[in-house]
Protein chains: 2
Amino acid sequence: MELGKLYKCLCDVQRLRIVNLLMQGALCVCHLQEILDESQVKVSKQLQYLKKMGLVSAQREGMWMVYSLNKPFHPLLVANIQASLVLRDEYPFFAEDLIKRELILKRFTENRAECPKVVYQSCENKG
Amino acid sequence: MELGKLYKCLCDVQRLRIVNLLMQGALCVCHLQEILDESQVKVSKQLQYLKKMGLVSAQREGMWMVYSLNKPFHPLLVANIQASLVLRDEYPFFAEDLIKRELILKRFTENRAECPKVVYQSCENKG
DNA sequence: TTAGTATATTCTAATACAGATATATACAGA
DNA sequence: TCTGTATATATCTGTATTAGAATATACTAA
């Protein structure tokens, strides 16, 4: 992947947070929206951007559009997310978002109807 | 430093290459121009951009403007450059630029008049 | 002072992007 | 078919960025 493109994906904090989240597994728009506390339009647009750049893919499941980070993950993507997670004093939202994600996934185990299969599966894979 | 800003600095390949080079030591515009094989205006503008973003500083020495990467280097900057250097099959220009830089510095040892002191010193420091 | 070298600025036009608002589509269930 | 939920698209506005060309500045040396 072209380097300029890659960094363009990361140079918006919302997108950066989305990438961080998707690296843990697929998520649908509404849950990204919930975690990022952003409007639907904004989240959807950023996802379109990431899709246009070839970083993510979308997959419909019923009402939901499930987005996932394309594999294999680019080494630089991994390096950046890992490095950012380490700098949690300066950029706490990375870790915080992952916690919010965990809570949502936990909620799913109680009410599976709230969540697309794909997301649930990626949750189960994690153990 | 704000993350968005940092990645904006990196999302242009010329700027990325400049950062890679400056991480090794200060350089003046004309030598960056030579290594990147770009027009003076473009190189100068990218340097202004990086300066505006707070990533580099400029220092005049005679005819030359010497640019250096502000310290301390941001951990994410270091992580990205290191990771990019490792991926030399995909992004060979990083390593190539460093070789060109070495050649220029070697040229300076033969003709010191061609080079500002600051650059020469950073060259000597390296061994 | 003049010429030459190194660098920066200004102008214009093109493009990309972000935010807001409104509207449209896709699907599920009654 | 109607309703609600989830998601996407369109439009407009403002701002940021980029490129190229021309010009200006800063300094050196003669």
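In this predicted model, N80(A) touches Y7(A) and L10(A) as well as Y7(B), L76(B) and N80(B), when residues up to four places away in sequence are left out of the count. N80(A) belongs to helix α5 of chain A, which spans residues 75-86, and its side chain reaches the backbone oxygen of L76(A) at 2.6 Å. Because its relative accessibility is 1%, N80(A) counts as buried, the cut-off for that class being under 20% relative accessible area.

A second topic is the protein surface near DNA strand C. DNA strand C is surrounded by 22 residues, and the closest of these are K45(A) and Y49(A) from chain A together with C30(B), S44(B) and Y67(B) from chain B. Of the atoms of DNA strand C that come within 4 Å of the protein, 66% are accounted for by sugar and phosphate. At least two residues of this surface are supplied by each of the following elements: α4 (40-52) of chain A, and α3 (29-36), α4 (40-52) and β3 (64-69) of chain B. Sorted by class, the surface near DNA strand C holds eleven nonpolar residues, seven charged residues and four polar residues.

| Residue | Part of the residue | Distance to a phosphate oxygen of DNA strand C |
|---|---|---|
| Y49(A) | polar side-chain atom | 2.8 Å |
| M65(B) | polar backbone atom | 3.1 Å |
| D12(A) | N or O atom in the side chain | 3.2 Å |

Conventions
Residues are numbered from 1 along each chain as its sequence is written. Chains are lettered from A and ligands numbered from 1 in the order in which they are written. This is a predicted model: local features need pLDDT of at least 70, side-chain atom pairs count only at pLDDT 80 or more; totals for chains, interfaces and linings use all residues. Side-chain values use heavy atoms; hydrogens and water are left out. A residue is near a molecule or strand if one of its heavy atoms lies within 4 Å of it. A polar contact is a pair of N or O atoms within 3.5 Å; within protein, one must be able to donate a hydrogen and the other to accept it, and residues adjacent in sequence count only if both atoms are side-chain atoms. Helices (H or I, at least four residues) and strands (E, at least two) are DSSP runs, numbered from the N terminus. Ala, Val, Leu, Ile, Met, Phe, Trp, Tyr, Cys and Pro count as nonpolar, Asp, Glu, Lys and Arg as charged, and the others, Gly among them, as polar. Buried means under 20% relative accessible area, exposed over 50%, partly exposed in between (1.4 Å probe, protein chains only). Contact means heavy atoms within 4.5 Å.
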